[in-house]
Protein chains: 2
Amino acid sequence: MIDLWVRPAYPWRISSKDAVVVLSPPPANPDAPARIERHSLHDAIVSRLRDMIIEGHLPPGTRINEGQIGAQLGVSRTPLREAIKYLASEGLVDLVPSRGAVVKTFGAKEVLDMIEVIRTLEQFAGARACQIATNQDIGAIRDLHDQMIACYEAGDRLQYYKLNQAIHSGIVALADNAALSDVHSMVQTRLKRIRFIGHEGPEKWANAVAEHQEMIAALESRDADRLSAILGQHLTLAWERVKDGLSP
Amino acid sequence: MIDLWVRPAYPWRISSKDAVVVLSPPPANPDAPARIERHSLHDAIVSRLRDMIIEGHLPPGTRINEGQIGAQLGVSRTPLREAIKYLASEGLVDLVPSRGAVVKTFGAKEVLDMIEVIRTLEQFAGARACQIATNQDIGAIRDLHDQMIACYEAGDRLQYYKLNQAIHSGIVALADNAALSDVHSMVQTRLKRIRFIGHEGPEKWANAVAEHQEMIAALESRDADRLSAILGQHLTLAWERVKDGLSP
DNA sequence: TGCAAGAATACTGTATGCAGCATTTAGCGC
DNA sequence: GCGCTAAATGCTGCATACAGTATTCTTGCA
């Protein structure tokens, strides 16, 4: 019970003494067979359910019927229930004793709260990123940004939206702080459902793009204060965009 | 499937039209029977497991044996597995395909990361608290503080520790932002296991107490900048306290 | 003795069954 | 027709069973 875990866990994992060394998992050999996909039904169900909630297929307030959803996904209730518990901890559903799970409903106040948390986290991340990010890291963000601009000009909202998220997560990732990325993505996930609705008009969209432009510029010049300001402003706009059409 | 949830959920809940009104749950009648404790094995197992991890009964790296723990807690594997999934989402355990759950191990970097997130969140919360907290709210924190001082003088470390946490959570709660409290308590929980170890010597302890004193003073005078500074300093000390005796 | 291959064991992942609670429907008195 | 009570239905919570995979043990060989 103490000496567990010292044997090879996966083919590419070797343990020496008590430290577990992880070799670069796939030999980076492009023609080698793709890594064995360790099928995890759990992950699959969690992603699926999360998407169903975010995309509005399971609207807020909906009671999740285990039998029905299970049949729909072609899995039994056991792994489904486990996935539901996982999402409950993520804050996407509420657990009501004897009555199962209900998709969480967010009012305007809660959404504003979440946006302010995101703002706080991103501002901290941005400041840290200005200090420690490599030029290469920043270049990667710039790439995403350029792609996003292309989507904007092409009018591809869905792809734009995804790249937008990727940029924000990317900036947070630049801070090289796993806990920060964790909580950021958690709140971001809860908000996704809301953002999915908020489709601003052309002028607001243009504003958002302009802000992103400046965001990248501030990052490239490693101007932490300017980046912080623009991130703050950007999230205020995000709030403006979604605040109508929310319950009290 | 649309019209769910409009009937009374609990005796004290009444629905009118489509809005659910929640009456003050217990009639605040001191001699009335205590509120029915909706038994939830799930919650019980989650709390129990969490405590076992935090208190070091399940050390980092331990593989969780469902059969064994289940027998120990006197429950079958099904609800236990659900609880484990919940904790996995909370970040206390890792899920390894086909090999179950392993208590997460945090290195020094990860702990520092978490502390910096906590710092960011608490500073934001503190600033907000200075703006919106009522004198009564602040008085409640002051009460906790006074109790804590008493524990300090009595040398009651465990109780001191708990009140310390309560004060920090309390300040965050003053910001009246549910999402903020959520993520704060989540990171705080992950850290608890670490803090549980860090037993500083008398001089550092005295420092911490002095900082708390100033923290309360800043809060009472609603001096956001000073509160922010002292919170930052306090968490730096927390880091100093635990940083030795951590894996790389 | 040390190593390797295969059998045996242990544990996880999933499905299914059953008891109990919640909700709906049906029946009954007014 | 309306409200109340009770049966019936549906669903959740939990336990158990079984299949598949990881881990350990055993045996054979050098």
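1. Which helix gives the largest share of the surface near DNA strand C? Helix 3 of chain A does, with 3 residues. Here, "near" means that a residue's C-beta atom, placed from the backbone, lies within 6 Å of the molecule or strand. Helices are DSSP runs (H or I, at least four residues), numbered from the N terminus.

2. Before going on, a word about what you are looking at. This is a predicted model, in which local features need pLDDT of at least 70 and side-chain atom pairs count only at pLDDT 80 or more, while totals for chains, interfaces and linings use all residues. Residues are numbered from 1 along each chain as its sequence is written, and chains are lettered from A and ligands numbered from 1 in the order in which they are written.

3. Back to DNA strand C: 21 residues surround it, and the closest are L41(A), S76(A), T78(A), E66(B) and G100(B). Two or more residues each come from helix 1 (41-54) and helix 3 (77-90) of chain A, and from helix 2 (66-73) and helix 3 (77-90) of chain B. By class, this surface holds 6 nonpolar, 9 polar and 6 charged residues. (Ala, Val, Leu, Ile, Met, Phe, Trp, Tyr, Cys and Pro count as nonpolar, Asp, Glu, Lys and Arg as charged, and the others, Gly among them, as polar.)

4. Now turn to DNA strand D. It is surrounded by 20 residues, the closest being E66(A), G100(A), L41(B), S76(B) and T78(B). Helix 3 of chain B supplies the largest share of this surface, 3 residues. The classes near DNA strand D are 6 nonpolar, 9 polar and 5 charged residues.

5. How do the two protein chains meet? In chain B, 34 residues are in contact with 34 residues of chain A, where contact means C-beta atoms, placed from the backbone, within 7 Å. Helix 3, helix 4 (108-132) and helix 7 (178-197) of chain B each give two or more residues to this side. Its make-up is 16 nonpolar, 8 polar and 10 charged residues.

6. Chain B is superposed on chain A by a rotation of 180 degrees with 0.0 Å of shift along the axis (RMSD 0.0 Å). The same surface serves both, as 100% of the contact residues of chain B recur in chain A.

7. Chain A is divided into domain 1 (41-103) and domain 2 (108-243), with bounds from an automatic or database domain assignment. Their C-alpha centres lie 28 Å apart. The contact takes 7 residues from domain 1 of chain A and 6 residues from domain 2 of chain A.

8. Finally, have a look at helix 2 and helix 3 of chain B, which pack at about 110 degrees with axes 9 Å apart. Axes are lines fitted to C-alpha atoms over the stretch in contact, and angles run from 0 to 180 degrees between N-to-C directions. That makes helix 2 of chain B roughly perpendicular to helix 3 of chain B (65 to 115 degrees). Among the residues making this contact are E66(B) and G67(B) of helix 2 and R77(B) of helix 3.

Key:
Contact = placed C-beta atoms within 7 Å. Least-squares fit on C-alpha atoms with pLDDT ≥ 70 in both. Parallel < 35°, antiparallel > 145°, perpendicular 65-115°, else oblique.
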